[in-house]
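User: I would like to go through the terms applied to this structure and the grounds for each of them. Please set each value against its criterion.

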Amino acid sequence: MTSWVRLTLPAAVVASVSPSYAVQYLTIDAAQKLAFPAANRFVENGGLTWKAQAADKLLGLFVVDHVIGKHLYIDYAVALDPSGRVMRVEILQYRESYGGEVREPGWLAQFVGKTSSSPLKLGSDIRNISGATLSSLHVTEGVKRILATYGSRTR
Amino acid sequence: MSCHRRCVLTSTPSLSSTGWRLAALMTATALSAGLAHAQEVGNARDKSNAAPSGDVALLRKLEQMEQRIRILEGQLKQKDNREIARAHGQAPASPIPPKDAEDPGEPKQAKDQKRATGAAKPDWATPASRDLTGKTAPVNPPNSIIGLTDSPVTGMSIGAYGEMKFGLQQNPAAGGQWQNGFDAHRLVLLPTYLITPNIIFNAEIEFEHGGSGFDPDDKLHGTAEIEQIWIDFKMMDQFNWRAPGIDLIPIGYINEHHEPTAFYSVQRPELYNGLIPSTWKAPATSVYGRLAEGLYYTIQASSSLEDFGGDFATRTDAKTVPTGGYAAGIDGANALGFALPVRGDFQQLSNDIAVAGQLSYSPPVLPGFNGSVSAYYTPNTTPRGAYAGDAGMPLGRSSLTMFDAEFRYRVPNTGFEARGEYVFVSLGNPANLRANNDSDPTNNVGKTMYGYSGELAYHLPLGNILSSDWEMVPFYRYTFQNTQTGGFAGTDLNMPTGAGQTQFHNVGVAVFPSPQIVLKATWQKVINRDPAGANSDSVLGGVGFFF
């Protein structure tokens with residue numbers, strides 16, 4: 001095989017086999033199902049929020065929001081249980097070249113269990129990400145804002 | 001009834017909102033035209049005889065049409081409102097007021113986003129405009145997340161960072177005299193543009209030391225330069241391509257994260273002055289991606305470092321070093337500080353291409369810990385036409401290998417932070433380096449150069465001042481570097497002064513009024529083995545920003 005084919009073939013194979021998830025990691029549908037696997041319907045609740053329901057039981061609230069990373073928007077989703085606690089935070093779209101570490105499950109897991117009375121301060125109850133300071137700060141602020149808005153309303 | 005214009009009164013649900021508007025307008029026009037006509041007819045008929053049954057029927061029909069139009073207009077308005085609400089992320093009015101609608105602790109940027117859209121209303125009641133400071137604007141995308149248009153961004157966003165420094169410094173060239181001064185060290189503009197959802201443009205345009213000018217009364221001797229310019233092709237998590245451009249060499253942490261908010265001393269950490277010649281940028285292309293949770297890689301090819309540190313204008317048209325002697329790019333005084341590759345006008349002095357690789361890791365088992373290992377290799381740093389002395393024997397090839405390992409650990413739930421770093425440079429063939437062949441016996445280099453540093457810092461919240469949360473970070477850093485080790489070979493006499501082994505003590509504090517602004521003060525003590533002393537202590541203040 002000529003050298004250039006040998007060099008580019010692995011990249012070509014990888015590129016052709018895997019889907020392009022570079023920017024959009026999750027659609028809203030996929031994120032809803034991840035957050036509420038038991039739900040059989042998602043009822044629009046105004047703005048970009050959905051009530052997750054199974055039969056007549058309210059399972060929680062699913063909220064989609066966006067914040068700025070460094071320059072470009074990060075689209076993310078927060079799932080709240082009926083008492084207003086965070087069940088899950090997912091990054092739906094991350095556009096920038098740096099700071100993507102906010103997508104790491106270990107970092108997002110810190111938000112699980114937070115309520116509208118949690119401090120949600122970067123550097124105290126939420127770890128900063130070295131090299132992704134602005135993205136982690138803005139996502140933390142965004143979750144805090146969502147808890148302030150909806151944390152008491154899912155009852 | 002006769003219509004002067006076409007009446008479109010269908011209840012087709014597939015008609016677009018514009019269509020509805022048009023229909024409503026046309027029927028209203030038709031109606032008024034019809035009414036006017038009916039009026040005329042009515043008047044004409046009134047003149048002749050009493051209102052016949054035809055007119056009553058006509059009027060009743062007109063009333064029914066009016067009512068129908070009002071209903072349609074109402075429906076159209078509701079539909080419009082729902083669409084606006086969806087596009088703007090607005091929740092409809094709710095009887096339950098939210099808590100903490102306006103959190104005074106939020107940094108200014110988030111507050112400005114809110115303010116841009118409406119004064120003191122709670123978040124959910126204020127339509128969040130998509131066009132915040134021109135950063136993005138909605139455009140029809142193929143894969144839109146409902147209500148959130150994802151691409152492309154029609155506006156370019158421009159960020160900036162910069163640092164200013166001032167204070168007292170010992171001047172070694174003046175026998176260690178304490179002199180005070182000021183330096184507008186950097187202003188860097190960061191244009192970012194989402195060309196498509198998967199292709200991102202990024203650049204850094206830098207003005208150093210107040211910029212550059214020609215006339216003596218400008219009093220400028222700085223730089224205007226392109227520090228970075230590249231286009232990223234984002235393909236998948238594990239593999240992305242950065243097209244050839246000017247990019248940072250992926251060695252260590254501070255070279256790539258060199259904004260003033262990323263380090264606590266006024267000056268950049270000492271290992272990044274010479275051993276790692278930050279800001280180390282080069283013509284480069286790379287691939288990068290995420291291999292596993294917390295594990296990221298970069299592999300890069302770039303223009304090689306060059307062992308020529310003389311005046312740029314003296315390069316010959318044949319792209320060789322000038323005759324009659326020239327300055328070294330790699331030496332015992334400046335390490336690699338004068339060896340940066342050329343970025344413009346095809347003026348590189350060799351064909352050599354270097355490779356670099358980096359693995360950075362934030363292990364999930366140790367939250368708060370971030371570390372990286374990186375390496376750089378160039379097969380040759382000797383430029384075309386290199387020679388010893390003023391017109392001596394030619395100098396051959398010499399490779400260069402660099403290795404770096406560093407970590408930053410922020411202990412969770414505490415204010416403690418620790419950083420550590422080790423850098424090692426191996427010079428392939430010191431006999432072929434200009435510094436060992438330039439008739440200067442004091443700037444020679446050996447077979448290797450190395451350095452290490454350790455830093456301790458503590459994050460202290462200062463509370464809410466001027467509408468943001470302030471933080472103070474006192475720190476201490478110790479650095480040792482050795483740029484003149486054993487293994488010298490070359491035509492020079494070898495008489496290093498001991499200035500090649502240097503210790504740096506830095507004590508200071510960095511105050512962050514917000515994560516994007518930093519006010520710094522640092523005292524630095526420099527000790528080396530030169531009998532004349534290092535004479536380079538300083539007490540400096542700094543102001544830095546990054547947004």
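Analyst: A residue is called buried if 20 or more other C-beta atoms lie within 10 Å of its own. By that criterion, 55% of the 155 residues of chain A count as buried. The model is a predicted one.

User: What makes the set of 47 residues a nonpolar core?

Analyst: A nonpolar core consists of buried residues of types such as Ala, Val and Phe, joined through C-beta atoms within 7 Å. The largest such set has 47 residues, and A:Phe62, A:Val63, A:Ala77, A:Val78 and A:Val143 have the most contacts inside it. Two or more residues each come from helix H2 (28-35), strands E2 (49-54), E3 (57-68), E4 (73-80) and E5 (86-94), and helix H4 (133-150) of chain A. H4(A) gives the most, with 8 residues. In general, nonpolar side chains of soluble globular proteins tend to be buried together.

User: Which residues does A:Phe62 touch, not counting those up to four places away in sequence?

Analyst: Contact requires C-beta atoms within 7 Å. A:Phe62 touches A:Gln32, A:Ala35, A:Phe36, A:Phe42, A:Thr49, A:Trp50, A:Ala52, A:Ala77 and A:Ala79 under that exclusion. Another core, of 39 residues, lies apart from the largest one and includes B:Tyr253, B:Phe263, B:Ala282 and B:Ala510.

User: Why is H4(A) described as largely enclosed by the rest of the structure?

Analyst: Of the 18 residues of H4(A), 18 are buried, so the helix is largely enclosed by the rest of the structure. H4(A) reaches 26 Å from its first C-alpha to its last, close to the 26 Å expected at 1.5 Å a residue.

User: What makes the strands of chain A an open sheet, and which are its edge strands?

Analyst: Two strands pair if there are at least two bridges between them. One of the bridges to E2(A) links A:Phe42 with A:Ala52. The open sheet has 5 strands in the order E1-E2-E3-E4-E5 of chain A, with antiparallel pairing. Its edge strands are E1 (41-44) and E5 of chain A, since each pairs on one side only. Neighbouring strands are turned by 25° against each other on average, direction ignored.

User: How do you know that helices pack on this sheet, and which strands do they touch?

Analyst: H2(A) touches E1, E2, E3, E4 and E5 of chain A, and its direction makes about 160° with that of E5(A). H4(A) touches E2, E3, E4 and E5 of chain A, and its direction makes about 140° with that of E3(A).

User: Why are the buried residues of H2(A) placed on the same side of the helix?

Analyst: The buried residues in H2(A) include A:Ile28, A:Ala31, A:Gln32 and A:Ala35. They cover an arc of only 100° around the axis, which puts them on the same side of H2(A). The buried residues of H2(A) pack against E1, E2, E3, E4 and E5 of chain A.

User: How do you know that E15(B) pairs with E16(B), and how many residues lie between them in the hairpin?

Analyst: Pairing requires at least two bridges. Strand E15 (residues 501-514) and strand E16 (residues 517-528) of chain B are joined by 11 bridges and run antiparallel, and therefore they meet the cut-off of at least two. B:Asn506 has B:Gln524 in E16(B) as its bridge partner. The hairpin has 2 residues between its strands E15(B) and E16(B). E16(B) also pairs with strand E17 (residues 538-546) of chain B, in the antiparallel sense, over 8 bridges. B:Ile517 stands opposite B:Phe545 in E17(B).

Notes
Residues numbered from 1 in each chain as written. Chains lettered and ligands numbered in written order. Predicted model: local features only at pLDDT ≥ 70, side-chain atom pairs only at ≥ 80, totals over all residues. Buried ≥ 20, exposed ≤ 12 C-beta atoms within 10 Å, placed from the backbone. Helix = DSSP H or I, 4+ residues; strand = E, 2+ residues; numbered from the N terminus. Contact = placed C-beta atoms within 7 Å. Expected span 1.5 Å × (residues − 1). Axes fitted to C-alpha atoms, helices over the stretch in contact; angles between N-to-C directions. Arc of directions from axis to C-beta.
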